[in-house]
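Visitor: Hello, could you walk me through this structure?
Guide: Gladly; here it is.

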Amino acid sequence: MTSSGNNLTKECTYWLRNQLSHQHPHYHYGNYQIDRPQKLKQRSISKHHTNKITWMFMLCLLVILPLTTMANRLSDTKLHEIYLDNKEIKLSWMVDWYKQEVLFHLQNAFNEQHRWFYLGFSKRGDIGDADICFFENQNGFFNIVTDTYTSPDGKFVHKDYQQDCVLFKMDEYTLAFKRKFDTCDPSDFRMHEGTMYVMWARGGKDLQLADYQFPFPNVSQHESGIQMMQLLRSDKILIPETDLKVVEIRLHNVSIPDKETTYWCHIQKLDDFLVRKHHVVQFEPIITTPGLVHHMEVFHCETDWNVEIPLFNGDCEQMPSTAKVCSKVVALWAMGSSTFTYPPETGLPMGGKTYNPFIRLEVHFNNPEIKKGLVDSSGLRIKMVSQLRQFDAGVMELGLEYTDKMAIPPGQIGFPLSGYCIAECTEVALPRTGIVIFGSQLHTHLTGVRVLTRHFRGVEELREVNRDDYYSHHFQEMRNLRYKPRVLPGDALVTTCYYNTVGKDNCTLGGFSISDEMCVNYIHYYPATSLEVCKSSVSEETLENYFIYIKTKEHQHGVRLDGARSKNYQSIKWTQPRVDQLYTMYIQEPLSMQCNKSDNTRFQGYQWENAPITPVQIKIPMHRKLCPNYNPLWLKPLDRGDCDLLGECIY
């Protein structure tokens with residue numbers, strides 16, 4: 001068990017023992033105020049207080065039971081943790097999905113120099129319109145917790161009219177409290193399963209927490225910070241097997257080119273033990289030049305077992321043509337990701353008598369400052385087992401084709417582009433019982449601000465596969481899904497990315513460069529199929545007709561009907577009506593559908609060019625539908641920002 005888990009266990013044991021003996025330690029509850037001499041001042045015993053005691057009992061049982069019932073390992077799977085300052089202040093948390101609340105535990109929040117601490121949440125890391133819980137430790141005699149929110153400019157802190165930071169414990173070093181996912185308070189930030197921006201700071205100067213308003217505390221960068229994390233995350237997955245074999249697929253002292261975008265390819269031969277089939281159960285990144293490695297992918301060379309693929313180490317554009325067969329995705333990583341573990345019922349197949357032993361690592365270096373003299377040895381460490389699991393897993397790409405057929409006009413807060421995996425593709429490619437999606441990694445480049453994948457069965461829309469309303473390209477986790485959708489033949493999956501191009505003078509095109517854009521959802525699923533890519537773009541015929549219209553009807557004379565589409569897009573003088581026309585074309589006109597196998601050939605049985613688009617009704621989610629008296633004071637909710645093209649105001 002981790003040290004944080006041990007500390008939490010000790011505190012829970014102490015708390016339970018004192019509850020049973022009626023000797024309370026220094027806790028502060030809503031109906032109790034406990035001072036250092038442990039005098040108990042009871043105001044009133046209410047059902048509210050009883051519920052808090054019950055909740056603490058349940059929490060402590062969750063922490064202590066795993067020590068006595070090893071088969072249930074609750075503490076290993078439900079307790080998540082991160083160092084806020086990368087060295088000392090440890091945040092641990094547990095998600096109670098049944099009660100829709102999170103319990104937080106902070107270790108080393110206070111010390112002799114720091115008597116107050118705050119933990120808060122904001123839309124995208126801004127201190128304006130942030131939701132913050134302040135904690136003040138006054139020598140253990142009287143502890144204060146205050147639910148607050150900041151002014152839009154971030155200069156002032158306001159005391160919230162509804163107090164929702166429920167304190168369990170505070171002492172000279174640690175604190176524990178809980179918050180509901182949705183407090184039905186417009187001045188609180190609703191917790192969600194996407195990327196959340198967690199703010200923290202601590203200081204020694206007394207705060208005026210009793211006042212309705214006080215200046216936002218000014219502290220040094222060493223005593224404050226912002227962490228991007230998925231707070232409402234699924235339980236951690238444990239590997240039940242103990243006999244693990246490890247393979248490292250990595251570069252070796254590669255000189256990073258002094259240009260903005262490089263895709264570097266390295267082909268290596270796998271170890272001899274993989275003449276027998278294994279299951280990959282975990283992969284983790286090895287990053288030696290943080291900030292320059294944007295993403296990495298490992299591809300298997302899908303050809304006969306006895307075909308020799310030439311070893312290669314260089315720019316992917318110069319890779320020998322015989323290595324083009326190395327295109328089946330095995331593992332991937334992007335900025336912000338960490339270790340990814342497969343569920344115990346499935347693993348990614350690797351090896352076997354008919355398995356070609358060559359593999360390709362592709363590393364995307366993003367070097368916008370054109371730095372010279374840097375050397376990289378990044379890659380992936382892959383763990384596998386020889387005892388095969390129930391299902392073979394697969395990886396599939398959803399979203400948009402990497403092509404400049406798609407464009408994002410300048411000056412847009414949230415322009416949407418959708419990539420389609422249409423019903424006709426899943427009908428011919430998926431098994432009768434369908435597939436189960438258990439992992440998802442959303443991916444865009446610099447202007448992506450929101451990504452979601454929706455699931456359709458006929459005219460019915462099912463629960464979303466994955467959604468991140470506050471997506472950041474700096475934090476592209478491969479996430480285990482708590483809800484694991486089953487996709488049947490004939491279902492459709494629509495991946496929509498929203499892009500913020502405010503401040504740009506010209507349109508942004510789809511493509512491979514970091515200054516271009518992508519829209520991808522890499523899904524991990526089982527059982528494995530031959531379907532590797534289910535992506536789309538607007539059809540060639542549609543785009544040709546669009547440029548004819550823009551030139552003849554909109555009088556954009558820079559458009560050349562025989563010219564490059566990228567230059568045609570760049571020549572358009574964008575107005576709002578032209579933006580609307582482009583968007584309408586993208587959501588109504590036929591598709592060029594990539595329903596592809598790993599060798600990049602399309603499935604037979606359908607005409608994929610000019611394929612029909614999946615009709616998608618734009619629906620604005622009603623996050624507050626469970627709050628009947630929501631916003632009685634008519635305050636602007638903290639999570640309501642600028643509005644996009646479709647009227648969703650989440651930016």
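Visitor: What is the handedness of the crossing of α5 and α7?
Guide: This is a predicted model, where local features need pLDDT of at least 70, side-chain atom pairs count only at pLDDT 80 or more, and totals for chains, interfaces and linings use all residues. Residues are numbered from 1 along each chain as its sequence is written, and side-chain values use heavy atoms, leaving out hydrogens and water. A crossing is left-handed if the near helix is turned anticlockwise from the far one by less than a right angle, and right-handed if clockwise. For α5 and α7, the crossing is right-handed.

Visitor: Are α5 and α7 roughly parallel or roughly antiparallel?
Guide: Their axes, lines fitted to C-alpha atoms over the stretch in contact, come within 11 Å and cross at roughly 160 degrees. Angles run from 0 to 180 degrees between N-to-C directions; under 35 counts as roughly parallel, over 145 as roughly antiparallel, 65 to 115 as roughly perpendicular and the rest as oblique. Therefore α5 and α7 are roughly antiparallel.

Visitor: Is Ser539 buried or exposed?
Guide: Ser539 sits in the loop between β41 (533-538) and α5 (540-552). Buried means under 20% relative accessible area, exposed over 50%, and partly exposed in between, with a 1.4 Å probe and protein chains only. Ser539 has a relative accessible area of 0%, so Ser539 is buried.

Visitor: And what is the relative accessible area of Thr508?
Guide: Thr508 is found in strand β39 (residues 508-509). Thr508 is buried too, and its relative accessible area is 5%.

Technical notes:
Helix = DSSP H or I, 4+ residues; strand = E, 2+ residues; numbered from the N terminus.
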